[in-house]
Amino acid sequence: MRKNGAVTLRPVLPWFKDGRAALRQLALAVLLLGVYAWSAAGTHLSISELLRGVPGLADIVARMVPPNFAILPKLAGPTIETVQISIWGTTLAVLFTIPLGLAAARNLSPHPLVYGLARFVLNATRSISEIIFALIFVAAVGLGPFPGVLALAFHSVGMLGKFLAEAIENIDAGPVEALVATGASKWQVIRYAVVPQILPEFVTLCLYRWELNFRSATILGIVGAGGIGFELVTSMRLFQYQDMTTILIVILALVSVVDYVSSAIRAKII
Amino acid sequence: MIAIRGLRKEFGNGTKALRGVDLTVECGQFLVLLGPSGAGKSTLLRCINGLVQPTAGEITVDGAAVHQLRHLTDIRRQVGMIFQQFNLVKRLTVIENVLCGRLAHSNIFCSCLKLFPAADIDFALHCLDRVGLAEKAYQRADQLSGGQQQRVGIARALAQKPRLILADEPVASLDPRSAERVMGILRDINRQDGMTVIVSLHNIELAGRYAERVIGLRDGALVLDKRSSVLSSWEVELVYGDYADAADDEGAFPQVTYAHA
């Protein structure tokens, strides 16, 4: 900018096309503000209440330190179980996802009905949270880590399948056309033209889902579906806040380890 | 021999790509399809191997009707196709891409495990040798230059041991030297193997040097059929006159899906 010349600014495109557009945007802004105000009232959003809670919070934090590392040996079993739940929950999800994702990809689906059904299953499993699935499976197969595995698998399929189907829909159609032109069968076309194109994206996705599933596995214990979450909720109910701190530290450490392992695998594959 | 009778194609958006084409191509011919963008060249080629279903008309390849489903896979096996954008599977190696030309002759289960008969692998290497790329066999396809990728495309077509090769604008994305090499390889295949080759081009000069027979297509209709490569200026005008009108249709290129794979 020059030292003493005034700089004139003007918009690249006019901010408002005309008076009616300006009015419409104003109305939209008012509507948005209204929604926020309404939701704030519904959720008792209040700064004063937050401030009033500060002493209580400080009290809990004070009781959380120092962490009680004496319980570490007792945590080893549930911790390992949490990792195992995440491994099988994710693997089962990947196995269920492959046929569903193929059926839910518009360019591969054998029939519009199959496509619609696959999309519905994916949407349904995605919209039910893993905790709700865990409650259902605990009721069905009893307490323990196995209902946790099933809960993760069923919930993960929704997201994995949706992204797999989208990855398939976004592939370059050229190689597919070329292979169809050679007379190759549908499965051969999938193997040679579709799989190589989606593999890096799908592997990345599965590893990311594994990270999410590990985090979910740490709370499944709250509803009795195995893992370290059971220890967490027990220590809270017994007001043993120092034990709780140790458990949180273990979870934090493990989440970091899982993230590290997953990104190391990703870097190797792609 | 390819016999095309009354071929019409209208796409869902109302574009009339072909408006009644009659054409007979004898075995062993090197035929060039000439015409501006949107004239229907790609659609005509894709009707021959059933990638596009014609609205009306009939095509037979060596007596077998393309529109009869039981013949379709057989015809596709015997017809190699080469594309403007090469259409290689970029993340596979060159040899795997060439072996894609053998898939229709392979057991589905074994080929999905990437197991091929030793003879097929040897033949794929031989095909690569013919296009001068034997030493690139185990590189990933996307590491090759455009001209090399197109030669891999030709090797893939050769691996099918086809009777006919369709080439859809094979040199439109290449620099002049690579283009010359690709056209030279196609001519060698035509001469040495007696293979029928149909190439669509929009370069009149190239067509003049390689074609045995030139077919001019304009607005979906056949406007020129000449058994010589030398075109007079009025013949060029016949195909390309008012080029701007035809170029408007460029966006109407068919989206090919493999619903009838």
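Between which two helices of chain A is the loop that holds H44(A)? The legends below, for close-up views of a predicted model, start with this residue.

**View 1. Backbone of H44(A), a non-glycine residue with positive phi.** H44(A) sits in the loop that runs between α1 (19–42) and α2 of chain A. Its phi is about 50°. Most residues other than glycine have a negative phi. H44(A) has a relative accessible area of 62%, and because the cut-off for exposed is over 50%, H44(A) counts as exposed.

**View 2. Backbone of E169(B), with phi near 50°.** E169(B) is likewise not a glycine, and its phi is positive. The residue belongs to the loop between β7 (164–168) and α7 (176–193) of chain B. The relative accessible area of E169(B) is 9%; buried means under 20%, so E169(B) is buried.

**View 3. The cis peptide bond between V65(A) and P66(A).** Omega of this bond is about -10°. Most peptide bonds are trans. P66(A) is part of the loop that links α2 (47–64) and α3 (72–103) in chain A.

**View 4. A nonpolar surface patch on chain A.** The patch covers about 450 Å² and is formed by V257(A), Y260(A), V261(A), I265(A) and I269(A). One of these residues, I269(A), lies in helix α10, which spans residues 241–269 of chain A. I269(A) has a relative accessible area of 44% and is partly exposed. Residues of a patch must have over 30% relative accessible area, so I269(A), at 44%, passes this cut-off.

How values were computed: Residues are numbered from 1 along each chain as its sequence is written. Chains are lettered from A and ligands numbered from 1 in the order in which they are written. This is a predicted model: local features need pLDDT of at least 70, side-chain atom pairs count only at pLDDT 80 or more; totals for chains, interfaces and linings use all residues. Side-chain values use heavy atoms; hydrogens and water are left out. Patches are made of residues with over 30% relative accessible area and no salt bridge: like charges are joined within 9 Å, nonpolar side chains (Val, Leu, Ile, Met, Phe, Trp, Tyr) within 5 Å. Accessible areas come from the Shrake-Rupley method with a 1.4 Å probe; for residues, only the protein chains shown count as cover. A salt bridge is a side-chain nitrogen of Lys or Arg within 4 Å of a carboxyl oxygen of Asp or Glu. Helices (H or I, at least four residues) and strands (E, at least two) are DSSP runs, numbered from the N terminus. Buried means under 20% relative accessible area, exposed over 50%, partly exposed in between (1.4 Å probe, protein chains only).
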